[in-house]
Amino acid sequence: MGKRTLRLAHLYPELLNLYGDSGNVLVFRRRMEWRQMACQVEEVHVGETPSLGGVDIVLIGGGSDREQRIVCESLRKAREELSSYVADGGVLLAVCGGYQLLGHSYLMGDEEVEGLSLVDLYTDRGSPRLTRNLVVASEIARRPIVGFENHGGRTHLGPGVTPLGRVLSGFGNDGQSGLEGCRFANVVGTYVHGPLLPKNPEVADWLIARALERRYADASLEPLDDSVEIAANQAILDRLGVDA
Amino acid sequence: VSSRYGCAVRKEGIAVAVRTHVATGAGRLVRLVLRKVAHRQGSQLPGRVALAIDPAAISGLAARVRQGCIAVSGTNGKTTTTNLIASAIEESGLSVASNRDGANMAAGIASALLEHGPDWAVLEVDELSTVRVMGELRPAYFVLLNLFRDQLDRAGEIDHVQDTIVEALRLSPQTTLVACADDPLVWAVARRAARSGTRVLSFGVASDLHVGRDRVSGARFCPECGARLDYAWHTFAHLGSFSCPTCDFSRPEPDFAASEVEVSPTGVACMVEVSGRGPARLRSGLGGAYAVYDLLAAWAAAHLAGVTASSFADTLSSFSPENGRLEHFRVRGREVVLNLAKNPTGLNLNIGLMLQDPRARSALIVVNDEPNDGRDVSWIWDVDFERLQGNSVTPHCGGERARDVQVRLRYAGMGAEIACDVAAALELTEDVARDGVLYVLTNYSALAPARQELLRLEGRR
């Protein structure tokens, strides 16, 4: 069997890269390379409509309101393409603003902006902004997922949508339900913004495995030495007094 | 009725004056105690006390500044630029009140203004604090250096920072904005302020510096119409000669322009035009392409405050930062360079600086996440640490988020050990770089402790 290769499409990196989102791309790339796999990264720029045939992982990051508004129009043109991709079991990771774009609508100031309707959820606004370290217990990882959240939006999941996990520390989707993020088919949306994957290598591997399963019908992954990543994950848990 | 009204106003006026007087006295007393008893500079507490007694103390204190105030804001270079302007005015024989150590929120500004009747006040102002202090400070000039993504969890998004500064300028209509012509995010603020009546002057670099570009730049889209900006050249990050292909948003012809810019490991030099006197050469030991902007902005402000070019050049030649901004130390025969690097742009510039150094180098990268650093350290993923690879720079990590830096460096292809302080980093690098230089790059709250430790190791304290 030849070298296993995955293609990753990073949507609008020049606009949706508010909080170090490029870290997620780097983690995908390295964790595949360390396992003798190849990772081809394609950046989709504003004005271009992504063509997702042959793509294995789609990444949508977070932007400022102004930047998200610019992206919105481009993205809506790609709605059909994205929708078929998701229905076909394509892996999609959307963080922060990108997570909000997955739903039916979100609020920009008082204006309701139409989203992609890829997942049955919507986002309204609340005060104050929810800003702090966030820890989430999720079925897709044995260790808690740690990261940082910073959002004015409050996201509400429809009945058929599974949350990514339960909030152990922090606010999550709406600061009230105790739920964080969403899971639907092979889509993961989360408010753990920017570099979600570096301190949560299990999440990276779960997404890679789903993509391998779809492309090669073989989700097996060679284990890596993640002691540095785990120590950084543990440092956040220790600081917040959360048990692993 | 009118007399009673007038009387009430007078009484209230007296009450306000008395309150400011009491606030000033109390603040000065606290400062005296701190300096004499605790041997501390008191950059915050005296101002905090004064503001607790009189919330409008800044207004009363600013009114006692004889000639005028200059406020300096922007993401990077505030402290260096403020120090340069303050030194330049002082060297021309005038007295200056200044928050030289970078305590740049209301308390720090009030503390600096407690100085007895200065001729000028030169004050660094935190971007988000502008709206709190500008209406009271009413500076003659407001220097806006640049705007980058920085401390996003505290500042919200860059759009919010821009809105805040526009509002702050509206509260001080007599202020002239001195804005960086090369930064589209700054120039967007200037255009909005000008529309509401603010007088605007600008400074910029007149030609391509031909410096390497780093990977991430914050704004490449027109702030007015959203189209992708065209650049005739870049100086660093998103600064350069920009123009919008679809609307009239473009870099203005700067009022203060730097030409013939030279950037070398030993410093920067440039030519500036002086109205009616021909060009003058400015030279400084400050490192990195970005220093040109600090220099140019400082020159513009100093010139507006009446400082001559030759006096300014003298200030530059004797200017040595003693605040952990590219400060040099010698510890047991080894050179240590300490510098502040608190966001991707700052760290990318420092990496460029290190790579220019021909000696063997190691680095200690210290990242804290205190409130004034920003609790969120996601930005380390926007730093081009990859450039250190294969360049014989041995990195180490420190600070409260050392483990995050360690993960970042692992994904940049480098193993890095954790050093709990500068002494530990010196020990770890003993073998690899006995004659080499150690760069200690820290973000905001880690800077003062690192500097104290270096002074102690050097035997100065």
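**Figure 1. Cys420(B), a cysteine in no disulfide.** At 72% relative accessibility, Cys420(B) is exposed, a class that requires over 50% relative accessible area, whereas buried means under 20% and partly exposed lies in between (1.4 Å probe, protein chains only). The view comes from a predicted model, in which local features need pLDDT of at least 70, side-chain atom pairs count only at pLDDT 80 or more, and totals for chains, interfaces and linings use all residues. Residues are numbered from 1 along each chain as its sequence is written, chains are lettered from A and ligands numbered from 1 in the order in which they are written, and side-chain values use heavy atoms, with hydrogens and water left out. A disulfide is a covalent bond between the sulfur atoms of two cysteines; here it is assigned to a pair of cysteine sulfur atoms within 2.5 Å. By this rule there are 0 disulfides over all chains. For Cys420(B), the nearest cysteine sulfur belongs to Cys397(B) and is 12 Å away. Cys69(B) is buried, with a relative accessible area of 4%.

**Figure 2. Helices α4(B) and α10(B) where they cross.** Two packed helices are described by the angle between their axes and the distance between the axes. Helix α4 of chain B covers residues 78–91, and helix α10 of chain B covers residues 290–304. Helices (H or I, at least four residues) and strands (E, at least two) are DSSP runs, numbered from the N terminus. The two axes come within 9 Å and cross at roughly 35 degrees; axes are lines fitted to C-alpha atoms, for helices over the stretch in contact, and angles run from 0 to 180 degrees between N-to-C directions. The crossing is right-handed, the term for a near helix turned clockwise from the far one by less than a right angle, with anticlockwise giving left-handed. On the α4(B) side the contact (heavy atoms within 4.5 Å) is made by Thr80(B), Thr81(B), Leu84(B), Ile85(B) and Ala88(B). They meet Asp294(B), Leu295(B), Ala297(B), Ala298(B), Ala301(B) and Ala302(B) of α10(B). These residues divide into 8 nonpolar, 2 polar and 1 charged. In this scheme Ala, Val, Leu, Ile, Met, Phe, Trp, Tyr, Cys and Pro count as nonpolar, Asp, Glu, Lys and Arg as charged, and the others, Gly among them, as polar.

**Figure 3. Leu316(B) in helix α11(B).** Helix α11 of chain B spans residues 309–318. Leu316(B) is buried at 3% relative accessible area. Residues up to four places away in sequence aside, Leu316(B) touches Leu84(B), Leu282(B), Arg283(B), Ser284(B) and Leu295(B). Among them, Leu84(B) and Leu295(B) also take part in the contact of α4(B) with α10(B). Leu316(B) and Leu340(B) are 24 residues apart along the chain, and their C-alpha atoms are separated by 20 Å.

**Figure 4. Thr176(B) and its polar contact with Arg199(B).** Thr176(B) belongs to strand β5 of chain B, residues 176–180, and is buried at 6% relative accessibility. The side chains of Thr176(B) and Arg199(B) make a polar contact of 3.1 Å. A polar contact is a pair of N or O atoms within 3.5 Å; within protein, one must be able to donate a hydrogen and the other to accept it, and residues adjacent in sequence count only if both atoms are side-chain atoms. Not counting residues up to four places away in sequence, Thr176(B) touches Ala140(B), Tyr141(B), Phe142(B), Arg199(B) and Leu201(B).

Figure 5. Leaving aside neighbours within four places in sequence, Ser129(B) is in contact with Asn104(B) and Met105(B). The C-alpha atoms of Ser129(B) and Thr164(B), 35 residues apart along the chain, are separated by 8.6 Å.

**Figure 6. Backbone geometry at Ser117(A), Pro128(A) and Ala237(B).** The peptide bond from Ser127(A) to Pro128(A) is cis, with omega near 0 degrees; Pro128(A) lies in strand β7 of chain A, residues 121–138. Ser117(A), in the loop between β6 (111–114) and β7 of chain A, has a positive phi near 55 degrees and is partly exposed at 33% relative accessibility. Ala237(B), which is not a glycine, has a positive phi of about 45 degrees. Ala237(B) is in the loop between β7 (230–236) and β8 (239–243) of chain B and is buried at 9% relative accessibility.
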